[in-house]
Amino acid sequence: MTESSANKLLNGDACHRTANGRKASKNGFVKNHCLFQQPHKYRRPREKNQNVTHNSSLYKKPFSESFEETPLLVAVLTYMGYGILTIFGYLRDFLRHWNIEKCHVARERDEQKDFVPLYQDFENFYTRNLYMRIRDNWNRPICSVPGAKMDLVERVSHDYNWTFEHTGKVVKDVINMGSYNYLGFAENTGTCADAAIEATQAYGVGVGSTRCEMGNLDIHEEMEQLVARFLGVESSMAFGMGFATNSMNIPALTGKGCLILSDELNHASLVLGARLSASTIRVFKHNNMQSLEKLLRDAIVHGQPRTHRPWKKILIVVEGIYSMEGSIVRLPEIIALKKRYKAYLYLDEAHSIGALGPNGRGVVDYFGLDPKDVDIMMGTFTKSFGAAGGYIGGKKELIDYLRRHSHSALYATSMSPPVAQQIITSMKIIMGEDGTTLGADRLRQLSENTTYFRRKLREMGFIIYGNDDSPVVPMMLYMPAKIGAFGREMLKRNIGTVVVGFPATPIIESRARFCVSAAHTRETLNTALEAISEVGDLLQLKYSRREQPLPSLGWMSEESLLQD
């Protein structure tokens, strides 16, 4: 390998020839990055010029993540697939324009043709010509608890997915590989359900007021004190909606003259909150400490644009687990940078709280760090706790400030009492305060299931993304037609999965996303793995094995090519 190509490796990577049947990238090599000599692949063509050596002394355990580079042939075929679909889309639009084909979408009235369009042209084009072909994979109605297994309402479409009608039948015992039910608390029986029923009988379902008026119940106070103790912080505050916890509280923390440094893969709620704050926003590459440090240095050296006055605040915004990538934030390094440059840190633990760490206390617990090093600890109750809403934890002064200035605190209705009781009960189980080992058992089961499921997928030859300890497991599909085909074929085998494509992911990185739960038994996981392997062979998705034939043109393998 030449010196120039070696200089392109990132984060101290080393190149090795492929072994164990793993498929090489387009140059015949795979990139391995390791902390504590734990090899793993790292894929990001746009980040090849990074040259950072991570400080392994900050980590108390191996940190292994895998992002295998998209095979060149697969990338080319994927672009071709989208190109063919786009051409067919314009052809169908031409037929609709001349009323040769019926148009189902909302359109401007003829008398408004000279007005500024109400609907975005490309978004509508993408929706009606690409998304509509595979729309049946989303918004499927369920009629049971979203536990390890669930019941789906069967539906059919007679107009190529423009409308659906229910058949009256129910698909029973579909293995649920898509819900964020990490610890299995989404259940209608057991301790949590019984406690929620008692709370409903005592308080009712709704509160009918905000916290600052008549909606502040003793159960809310108890819940917030428990959350603060669980996180290891001075105080906490709960909100009725997880999305609003981010979008309504970031504007209360920063404003004009402040700088927000945001990871490029942050959730839409964080992005919206940053935009609503009127702060200056700068984006750093995902989990890239070199990119973040460069922005921090530039911010301190140059200050605000035009005036060059110092920024009032610099806020670093990251997530614990990134739900589309399955990666874990490099929190020890971010905290080190935050301390060095005197910035503030906002940590969104929506997917990591309850799902990571020996005590289930999230990414801070996972790395064995001090919670006081994180200025704003945010998380949701919608996933590991099987409830709804979100929280913010930190110093008492911070929480008192948010109670007076957060729109979500002042104007939103209080959390429903049975939901608050669900949170209290499940959190006490995780902490072991219920007098049982059920919480510890579920945490251990989730960790074992995650390790087993990821290992089996790799052995089968699939390309999966993310950290080895992340219960979010993205499996790469790449080609557009394989998005819909995979979801349909899995449902035929009684497996419920989530498939994701552009624009939610980069155009050549469509994927299926599995969420592992402590409620899954080994038998359940094996059944799901068998179905995944069978569908993978059918659609030729095992890109990581050399002996596999070249992938077929996914856009030609679907009958939906000629469908609306």
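User: Is E489 buried or exposed in this model?
Analyst: The model is predicted, so local features need pLDDT of at least 70 and side-chain atom pairs count only at pLDDT 80 or more, while totals for chains, interfaces and linings use all residues. Residues are numbered from 1 along each chain as its sequence is written, and side-chain values use heavy atoms, with hydrogens and water left out. Buried means under 20% relative accessible area, exposed over 50% and partly exposed in between (1.4 Å probe, protein chains only). The relative accessible area of E489 is 16%, so E489 is buried.

User: Which residue does E489 meet in a salt bridge?
Analyst: A salt bridge is a side-chain nitrogen of Lys or Arg within 4 Å of a carboxyl oxygen of Asp or Glu. The N to O distance for this pair is 2.9 Å.

User: How many residues apart are K338 and D375, which form a salt bridge?
Analyst: The closest N and O atoms of K338 and D375 are 3.4 Å apart. K338 counts as buried because its relative accessibility is 9%, whereas D375, at 21%, counts as partly exposed. Helices (H or I, at least four residues) and strands (E, at least two) are DSSP runs, numbered from the N terminus. K338 is in helix α9 (residues 331-340) and D375 in the loop between α10 (363-367) and β13 (376-380), so the pair links distant parts of the chain, 37 residues apart.

User: In which helix do D441 and R444 both lie?
Analyst: Their side chains meet in a salt bridge, 3.1 Å from N to O. D441 is partly exposed, with a relative accessible area of 29%, and R444 is also partly exposed, at 44%. The two are three residues apart, about one turn of the helix, and that helix is α14 (residues 438-460).

User: How many salt bridges does a search of the whole structure find?
Analyst: Some salt bridges form a network, which links R92, D93, R96, E101 and R128. For the whole structure, the search finds 28.

User: What is the relative accessibility of R306?
Analyst: R306 is placed in the loop between α8 (289-302) and β9 (314-319). Together with K256, R309 and K312, R306 forms a positive surface patch. Patch residues have over 30% relative accessible area and no salt bridge, with like charges joined within 9 Å and nonpolar side chains (Val, Leu, Ile, Met, Phe, Trp, Tyr) within 5 Å. R306 counts as exposed because its relative accessibility is 78%.

Notes: Accessible areas come from the Shrake-Rupley method with a 1.4 Å probe; for residues, only the protein chains shown count as cover. Lys and Arg count as positive and Asp and Glu as negative; His and the chain ends are not counted. The place of a charge is taken as NZ of Lys, CZ of Arg, CG of Asp or CD of Glu.
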